[in-house]
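Take a walk through this two-chain model. Keep the sequence and the 3D view side by side as you read.

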Amino acid sequence: MSAPTVELVDVGKRFRGATALGGVDLSLTPGITGLLGPNGAGKTTLLRILATVLGADEGVVRLLNRELTTPQDRTAVRRRLGYLPQELGFPRGFSAFRFVDYMAVLKEWTDPPPRHAEVRRVLEQVDLAGIATKRINTLSGGQRRRVALAQALLGCPDLLVLDEPTTGLDPEQRVALRAVLAEAGRAATLVLATHQTEDVAALCDRVIVLSSGHVQFDGRVPELVAAADGRVWLADTPDPDAQASWRTGSGRYRNVGQAAPPAAEVVEPTLEDAYLLLRGASAPDPIEVTT
Amino acid sequence: MSERWHVDGALLMGWVGGRIGPVLAASVEQHVARCAQCRDRVASAANETPRVDLPDLERSWSAIRDAVEVPRRSRMERLLAACGLPAPDAMLAAAAPALRGAWLGVVTVVMLFVAAASLSDARASGVALFLIIAPLIPVAGVALAYSVEADPGLEQEAATPYPKLRLVLLRTAAVLAVSLPVVAVAGLFVPARVSVLWLLPAVGFTAAVLAASTWIDPVRPAVVIALGWVTAVAATAERGSPLVLLAGGGLAVYLVLLVLGSFAFVLRTRRFGALGRLS
């Protein structure tokens, strides 16, 4: 097993007295880790700490074998880091090429010929080479997201921190992007936060579920899915004892709960089912039943 | 089968070097294929022929793509580069929000208005107006240069290895370099003492904003300073003596702000390596 590239020991972060993260212990190796959790669970705070733009108030953060205690440590980590924030600002009037070129300068690619070659490489990787000269404000939301991702891929970083990389993408773009991320995650440690459980199921070796700033689950995707075995069933009506229930395309109701009733038609759980069960176990209020 | 004739030396060299026409080349090629003696001479001719360097197609293609894809540098970027800033630094400085939008236009219009007021019958009001606005222009420009609120791009910039202190100072210098000359020209229309001394509160306030920005977004301290300054100038103007703000105790306050602000900013930025709201 490879040595950990990301190690967090009892990490905490507070904002104006409110706990955003508390007692987080993590140890990640190269591969793709998905971060799930509801809004406000602390995903973005955790990613910002991993991206070195936010300091932890408590605990130890060790990235790429460096503890982040001095500016030199942070700079050394940033040289091997790619970060896609949740909200990315683009300087006004910039084309896709110019923006990624600008970010490449910030990543110390000062020599223009290799820098431009690298910019082209990452734009091709996210399938934007054909519209590299277009101004970003004329691009669609999905194209902008891919421009943002392109800058994170500059220099083939060893640590990739991506906050909702597939937001705004249509299904075809998402599948294409999964291929890019899968390739990037072969050698690097890739941590991605998302609300799309299918992205996690399709891409990630490991999943971490955050709830109210704490790690609620940390393990392999099949382990989380296995926890929902026998707890998902189909019925002709919504089951009042189910934790969540919704009408499927076939007209029948998919129920997710603590235990399927006797003689129920139990079906194979998905990661989404398992996530809902896990959330339901910790949520103060039952998950809203949608019919 | 032995050939009755052989390709002469000059022709063979021309064929090997690709310098003869296609018809003649085809004829030579046909002969060489049949004549063992000429084939032997081809090898030695090839060694004697100076090597022709084919153009590096990849490099040429990159140059063509550069010409199409690499955008022309902005006017501000060219101006900063002409002032001696290295091209990458000029690119980073010119991307600051305060240098991209209508910042310079707004500053120019405001200062024209102030200069006109200083020349009008309401000269005293014009001087007070200059005193209110002039020191706040660099403060506003610097706050906008790296406010997370004004420039959400700062979050991804903060995750890069480029030194943050250098980036902020670069942008601060660029904002000051384009703003101060406009304000200085407007200063020609106010009393000599005001036209010079306004620089002290300007740099003192700027240093205070820079220092505060290591804890909070720089727009907030800039707004607090602006409100305080407007109130102070208005109050002293009411008593007919706004220039008291550019004397004795006032000047000492600006100097203290400059020294302490600069010290705190450098210390905090080196220590934390992040700016504004994110820190």
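The paragraphs below go from the interface to chain B and then to chain A.

This is a predicted model: local features need pLDDT of at least 70, side-chain atom pairs count only at pLDDT 80 or more, and totals for chains, interfaces and linings use all residues. Residues are numbered from 1 along each chain as its sequence is written, while chains are lettered from A and ligands numbered from 1 in the order in which they are written.

Start where the chains meet. Here 37 residues of chain A are in contact with 29 residues of chain B. Contact requires C-beta atoms, placed from the backbone, within 7 Å of each other. On the chain A side, the elements giving two or more residues are helix H2 (71-78), strand S6 (81-84), helix H3 (96-106) and helix H4 (112-125). H3(A) gives the largest share, six residues. By class, this side has 18 nonpolar, ten polar and nine charged residues. Ala, Val, Leu, Ile, Met, Phe, Trp, Tyr, Cys and Pro count as nonpolar; Asp, Glu, Lys and Arg count as charged; the others, Gly among them, count as polar.

Turn to chain B. Its secondary structure comes to 16 helices and zero strands. Helices (H or I, at least four residues) and strands (E, at least two) are DSSP runs, numbered from the N terminus. Of the 279 residues in chain B, 40% are buried. Buried means 20 or more other C-beta atoms within 10 Å of the residue's own, with C-beta atoms placed from the backbone.

Now pick out one helix pair. The axes of H10(B) (residues 136-145) and H15(B) (residues 219-238) come within 9 Å and cross at roughly 165 degrees. That makes H10(B) roughly antiparallel to H15(B) (angles over 145 degrees). Leu136(B), Val139(B), Ala140(B) and Ala143(B) of H10(B) meet Val219(B), Ala222(B), Ile225(B), Ala226(B) and Trp229(B) of H15(B). The residues of this contact are nine nonpolar, no polar and no charged.

Back in chain A, find H1(A), residues 43-50. Eight of its eight residues are buried, so H1(A) is largely enclosed by the rest of the structure. Lys43(A) and Arg48(A) are among the buried residues. Just after H1(A), Thr52(A) takes a positive phi of about 70 degrees.

Finish at a hairpin. S12(A) (residues 244-247) and S13(A) (residues 253-256) run antiparallel, joined by four bridges. Ser245(A) has Asn255(A) as its bridge partner. Five residues lie between the two strands, and Gly251(A) in the turn has a positive phi of about 95 degrees.

Key:
Two residues are in contact if their C-beta atoms, placed from the backbone, lie within 7 Å. A residue is buried if 20 or more other C-beta atoms lie within 10 Å of its own, exposed if 12 or fewer, and partly exposed in between; C-beta atoms are placed from the backbone. Axes are lines fitted to C-alpha atoms, for helices over the stretch in contact, and angles run from 0 to 180 degrees between N-to-C directions. Angles under 35 degrees count as roughly parallel, over 145 as roughly antiparallel, 65 to 115 as roughly perpendicular and the rest as oblique. Two strands pair if DSSP finds at least two bridges between them.
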